[in-house]
Amino acid sequence: MNRIHVRRAFGPAVEGEALVSEEGFSPRYDLDRWTGVITRPGHRLEGASIVDKVCFFPSAKGGIAAGWAFYDLKWKKIAPKAFIFGVTNPVMVQGAIFAGIPITEGWDLDPRQALRSGDWVRVEPTNRTIEVLRRA
Amino acid sequence: MDLTPEERGILAGTRGEAAKRALEYQMAVGAFWGARRFVPVTNVHMMGDIEVMGDGGLQWLRSEARLGARCIVPTTTNARCIDFAHCERLGQDAGEAAKERELIACLQGMDVVTTDTCINYQTVYQPHLGERVAWGDTGTVIYANSVFGARSNFESGPAALAAALTGRTPEYGFHLDEHRRGTFTVQLDAALDDLADWGAVGKLVGQAHQNYFAVPVIHGFRRTPTADELKHLGAALASYGSMAMFHFVGVTPEAPSIEAALGGNVVAESVVIAGEDIERVYRGFRLGDGDARLVVFSGPQQSLLEMKRLAALFAGRRVRAGSSCFVTTNSGVLAQARRLGFAQSLEEAGVTILEGVCFYILQNLSAMREAHRWTNMVSNSAKIVNIIGAHRFNTILRRTAECVEIACSGVLR
């Protein structure tokens, strides 16, 4: 299966390397916001960088502060290419739209079954699709 | 979205460029969630400080000020990252402190009331049943929706400020009846004698249901919970579960009964929380290298009654040499705590009281941790125990009196 359909989407089409997480995400709880590396001890992606990645997270965690964080990541040039959430919350959406980072929610196929970190994917918010272009 | 003539006017620039851009941004957010219209809000509470906004956010705020941004509904601010009185001693960056001062002046220029508190619901503004507000942080939102029966989504800094400028917010999520109905039930079969126990409930329920649209219906508790208990419960549910609302049968206004709280939803899951489950939460925290030199009462800021209890627990005691104990609260509570002598009792015991901040968003916190070689952080707040992880603390939840004991003895069990 090379295509995932998403439920809601915002932003321009982008391509990038997938980073697929088993665990939810908050830029405040999990991320070093100066390097773009996930640093929370015990996070399933501890040590992984989100910079320029198309990030797949099953869920969003907590945090109002995330609303500013994405804009600041972009300002520091360490933003991801896109956020693909299974379920998300308004803060992630408000923050991503504020920063102009594509964001989607909901999927008809769990990315953890359809692709792996390192695969090259294309996100098309207008069509609400994500396509795997190259396997790692 | 269906726009009123007034909203079309804002888009045409009748209220200036800042309001126009704010409404366009809100329309994009509303479109994502399928909102059909805007609803007016009476009160805005926003998070905005240099630690969360960064240089990019400050630059953006400057440009908003130049565009003539001005709040049209009462707007207050959340806890921030610097208490200027303690800035130097904490080793916070003077350059960042200067930016924070500029940022505060910039917000005040937009008519934002800089209350610097995350307990606005206890100390500043209490909306009524059905009142629509645009609030953040998450602890304020879950309290507004649940305990007051007011209506708010999680509104991040940029979204809350947009609502302040336009006086409205897109109608989605918890503004709609359909999302306010309970989705599962939680029976409380535990004593819950300490605030940390309530946070532990929030951890258990939240972690297992990480979904903004999950709404627990809590029932079976045999006494009336206090405002501070509901505050710790809500803060933890929002933090661990990203939840924005709970019902507490017989306590919160939209939950006269389990059936009413569910509003016709069929319960997919019934959770029971017993005393043993709470004990298991405490046992689940790893003690790392046993470092017991940092104890924090923060996240949310302390209410006056929390200050009173801490003052009593610390009376005649002393924070152990080499250890640090921090309490954070807002300026109003601190002024009263001083008048009543609670603050003096805490300070005599060697506790540092920080005003207008929250510990986990303190500017330069990672550097502070390194300078003190702190590895563990002990707190009675399940929320802060959850959210401080990115600063590489190993965190440990303990009951309030145990936290005081750890601060004074330096021994962690």
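# A tour of chains A and B

Start with two parts of chain B: the C-alpha centres of its domain 1 and domain 3 lie 28 Å apart. Keep in mind that this is a predicted model.

**Stop 1: the domains of chain B.** Colour chain B by domain. Domain 1 covers 5–176, domain 2 covers 181–282 and domain 3 covers 286–409. Now show the contact between domain 1 and domain 3 of chain B. Domain 1 of chain B puts in 23 residues, and domain 3 of chain B puts in 20 residues. Stay on the domain 1 side. Helix H3 (50–66) and helix H5 (120–123) of chain B each supply at least two residues there. H3(B) has the largest share of that side, with 3 residues. By class, the domain 1 side that touches domain 3 of chain B holds 8 nonpolar, 8 polar and 7 charged residues.

**Stop 2: a sheet in chain B.** Select 44–46, 75–77 and 134–135 of chain B. These strands form an open sheet of 3 strands, in the order S3-S2-S4, with parallel pairing. Strand S3 (75–77) and strand S4 (134–135) of chain B are the edge strands, each pairing on one side only. Strand S2 (residues 44–46) of chain B pairs with S3(B) over 3 bridges, in the parallel sense. Zoom in on B:Val44: opposite this residue, in S3(B), stands B:Thr75. H7(B) lies across S2, S3 and S4 of chain B. The helix runs at about 150° to S2(B).

**Stop 3: helix H9 of chain B.** Select residues 195–207 of chain B, which make up H9(B). The helix has 13 residues and reaches 18 Å from its first C-alpha to its last, close to the 18 Å expected at 1.5 Å a residue. H9(B) is mostly covered, with 12 of its 13 residues buried. Show side chains to find the buried residues, among them B:Leu195, B:Trp198, B:Val201, B:Leu204 and B:Val205. B:Asp197 and B:Lys203 are also buried.

**Stop 4: helix H10 of chain B.** Move on to residues 227–241 of chain B. How does the span of H10(B) agree with 1.5 Å a residue? The 15 residues of H10(B) should span 21 Å, and the end C-alpha atoms are 20 Å apart, so the two agree. H10(B) is mostly covered too: 13 of its 15 residues are buried. Step past the end of the helix to B:Ser242. This residue follows H10(B) and has a positive phi, near 60°.

**Stop 5: where chain A meets chain B.** Show both chains. Here 35 residues of chain A are in contact with 35 residues of chain B. On chain A, select strand S1 (3–10), strand S3 (31–32), helix H1 (66–75) and helix H2 (90–99); each supplies at least two residues of the side that touches chain B. H1(A) gives the most, with 8 residues. That side of chain A has 18 nonpolar, 9 polar and 8 charged residues.

**Last stop: B:Arg392.** Find B:Arg392 in the loop between helix H17 (382–387) and strand S14 (394–397) of chain B. Is B:Arg392 buried or partly exposed? With 16 other C-beta atoms within 10 Å, B:Arg392 is partly exposed. Leave aside its neighbours within four places in sequence. B:Arg392 is then in contact with A:Thr39, A:Pro41, B:Ser366 and B:Arg369. For a last distance check, pick B:Val215. B:Arg392 and B:Val215 are 177 residues apart in sequence and 31 Å apart in space, C-alpha to C-alpha.

Notes: Residues numbered from 1 in each chain as written. Chains lettered and ligands numbered in written order. Predicted model: local features only at pLDDT ≥ 70, side-chain atom pairs only at ≥ 80, totals over all residues. Helix = DSSP H or I, 4+ residues; strand = E, 2+ residues; numbered from the N terminus. Expected span 1.5 Å × (residues − 1). Buried ≥ 20, exposed ≤ 12 C-beta atoms within 10 Å, placed from the backbone. Contact = placed C-beta atoms within 7 Å. Nonpolar A, V, L, I, M, F, W, Y, C, P; charged D, E, K, R; others polar. Domains from an automatic or database assignment. Pairing = 2+ DSSP bridges. Axes fitted to C-alpha atoms, helices over the stretch in contact; angles between N-to-C directions.
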